[in-house]
Amino acid sequence: ISGGVDSSYTIAKYMNPGAGTYRLTHGIFFNIGIYGGAESQTEKRLEREAVAIARDTGIEYMCVRSNTCLELYGKAHAPIVPAIFMGAVLGLQKLFSVYYYSSGFSAGEIEFNDADAAYYDWLNTMCLSTGNTAFYSSGLEATRLEKVRFIKDFPFTYRHLSVCLSEDQHAGNCGRCAKCTRTMAELEVVGALDKYREVCDVDAFQKDPAYHWGYLILKSWGKDSFCMDIMDACKKSGKTLPVSAYLGAARKWIKRGGTTKNRKREKVENK
């Protein structure tokens, strides 16, 4: 239970599924201390949100704390996190016979990507399944934007959606990081942003298109699939972005040294 879009989609879809489908019974919050340590105010807030989500959706709550990938998270979290989280679940094989692992990408985006293992979670889940615990990659059938369209009809997300990347989010989503920006844009293009005023700074988002939409335009230039979906949805809906958004994208491109990539992330050297 991360509180994010992928996690919320899994909960919303499987807390009361139709006949013949495994119903969700338990949810785990993984505290790996990435937001200032396991006992930081941010981690405590996220855990409170996870407890509240479990309560509101009628599932049993659990928490797993570990420093297993703390040192690597800022450098190489994307290649290792699926194995770390599923490995933690395998430590509880006597509890879980089936575990839904929320996919980050849809089946149409599957590829063997050395930078992000979530691209091939369909394979991760099969390879890490055992005779006691079977993993299912939940959400492969939907893109991120389709997941947003789905969860917008579930009120628990209005109160508890947590998508922020900032280490200092003890007061909630920062509203300025990449994931906050992208998620608010997704909610806006599906016509649901106003429902999320309790967890998103909607007014600030709407007042600064150069910052928020500038980022989305920039990343769409770089072929980021999430941002490209958002921009395509804008075009289909007839939404017109102001000139300031495109100027903002150009400024960000120049500031990054003529690239759409984030050059701040540290790389792990092969040894």
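**Notebook: rings, charges and helices**

I began with helix H1 and looked up what covers its buried residues: the cover includes helix H2 (41–57), strand S3 (98–102), S4, helix H5 (144–151), helix H6 (156–160) and H7. Here contact means heavy atoms within 4.5 Å, and buried means under 20% relative accessible area, exposed over 50%, partly exposed in between (1.4 Å probe, protein chains only). Helices (H or I, at least four residues) and strands (E, at least two) are DSSP runs, numbered from the N terminus.

I noted that this is a predicted model, where local features need pLDDT of at least 70, side-chain atom pairs count only at pLDDT 80 or more, and totals for chains, interfaces and linings use all residues. Residues are numbered from 1 along each chain as its sequence is written, and side-chain values use heavy atoms, with hydrogens and water left out.

Back to H1: nine of its 10 residues are buried. Among them I found Val5, Tyr9 and Tyr14.

Next I turned to aromatic rings. Rings of Phe, Tyr and Trp (its six-membered ring) pair if their centres lie within 6.5 Å; planes under 30 degrees apart count as stacked, over 60 as edge-to-face and the rest as tilted. By this rule I have 14 aromatic pairs. One of them is tilted: Tyr22 and Tyr136, at 6.2 Å centre to centre with 45° between the planes. Tyr22 is in the loop between helix H1 (5–14) and strand S1 (26–31), while Tyr136 is in strand S4 (residues 134–138), 114 residues apart. Tyr22 counts as partly exposed because its relative accessibility is 49%; Tyr136 does too, at 38%.

I then looked at Phe30 and Phe85, a stacked pair with 4.5 Å centre to centre and 5° between the planes. Phe30 lies in strand S1 and Phe85 in helix H3 (residues 70–90), so this pair ties together parts 55 residues apart in sequence. Both Phe30 and Phe85 are buried.

I also checked charges over rings (NZ of Lys or CZ of Arg within 6 Å of the ring centre and within 35 degrees of the ring normal). The charged end of Arg144 sits over the ring of Phe226, 4.2 Å from its centre. The charged end of Lys147 sits over the ring of Tyr9, 5.8 Å from its centre.

Which residues make the contact between H7 and H10? On the H7 side they are Arg182, Ala185, Glu186 and Val189, and on the H10 side Phe226, Cys227, Ile230, Ala233 and Cys234.
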